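Good morning, everyone, and thank you for making the time. I would like to talk about side-chain contacts today, so please have a look at the structure as it comes up.

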Amino acid sequence: MTKREDGGYTFTATPEDFPKKHKAPVINISIADTGKFIMTASSDTTILIWNLKGQVLSTINTNQMNNIHATISPCSRFVASCGFTPDVKVWEVCFGKKGDFQEVVRAFELKGHSAAVHFFAFSNDSRRMVSVSKDGTWKLWDTDVEYKKQQDPYLLRTGRFEEASTMPCRLALSPDAQVLALASGSSIHLYNTRRGEKEECFEQVHGECITDLSFDITGRFLASCGDRAVRLFHNTPGHRAMVEEMQGLLKRASNESTRQRLQQQLSQAQEALKSLGALKK
């Protein structure tokens, strides 16, 4: 990518592709937000960490029988994977102060499911993770821990999602970790993560199975794709969660400036729900 004199950019393909290193089909590719590395995962148990020039920096064996999903955390520190085993494994990709790659080390694991994990996701600040398993449950985790001191993630909430026991499913966690979206087949289910309750269900929103889900960076919208369409939904449970949180904080607020700020945020969330016809009396 090179900058032109008029301020725009010119994109040119690199002279050659990355060398073929995987022995099984590649199922995931992710680029660190820092731009320091690329992760690729194949359907066996291999994850490769590359630099942007196509050199392999590290090879990870997940030991999960086969990989189902792998990704890089939004903070770019971690690489995580799930597969046939009932856990999610997380590694830290370490760089030196000058930006030079050093090593990949095991950080922590999410343990608690009793069957294979279908999918997982990070919150926007990487302090929360959520997982869904073939055991018919989803779990929300506090991953803001000192893993170098062997501190394990805390399980915050377990919810039921029976569809996961009979078919593969995908999920997305809102940036603030307040709302969980679960997709099975062509339907989407939205949960409040604080209470663990299902709040919305969108039935048969695609003509085929949903292949991906994602919240936008503001958390106001949820996008799904499955057939040849991308569909956008309003995140009404997110607005409701904001109302609940602001009402709770208002009761405890001690000074007037804080109360005014909280009241403004509360009013905005209530107005959003009202405009969507979703404000509960």
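I will go through the salt bridges and then turn to the aromatic pairs.

Before that, a word on the basis: this is a predicted model, in which local features need pLDDT of at least 70 and side-chain atom pairs count only at pLDDT 80 or more, while totals for chains, interfaces and linings use all residues. Residues are numbered from 1 along each chain as its sequence is written, and side-chain values use heavy atoms, with hydrogens and water left out.

Let me begin with the charged side chains. A salt bridge here is a side-chain nitrogen of Lys or Arg within 4 Å of a carboxyl oxygen of Asp or Glu, and a search of the whole structure finds 15 of them. One of these joins Asp-6 to Arg-4, with the closest N and O atoms 3.2 Å apart. When I speak of burial, buried means under 20% relative accessible area, exposed over 50%, and partly exposed in between, with a 1.4 Å probe and protein chains only. Asp-6, at 60% relative accessibility, counts as exposed, and Arg-4, at 38%, as partly exposed. A further salt bridge brings together Lys-149 and Glu-146 at 3.1 Å, N to O; here Lys-149 is exposed at 62%, and Glu-146 is partly exposed at 44%.

What does Glu-199 meet in a salt bridge? The partner is Arg-195, at 2.5 Å from N to O, and in this pair Glu-199 is buried at 18% relative accessibility, whereas Arg-195 is partly exposed at 29%. Both residues belong to a network of salt bridges that also links Glu-197, Glu-200, Arg-240 and Glu-244.

Now to the rings. Rings of Phe, Tyr and Trp (its six-membered ring) pair if their centres lie within 6.5 Å, and planes under 30 degrees apart count as stacked, over 60 as edge-to-face and the rest as tilted. By this rule there are ten aromatic pairs. Phe-120 and Phe-122 have ring centres 6.3 Å apart and planes at 80°, so this pair is edge-to-face, and both Phe-120 and Phe-122 are buried. Phe-202 and Phe-233, by contrast, form a stacked pair, 4.6 Å centre to centre with 15° between the planes. Phe-202 is buried at 18% relative accessible area, and Phe-233 is buried at 13%. Finally, Phe-37, Phe-95 and Phe-101 form one aromatic cluster.
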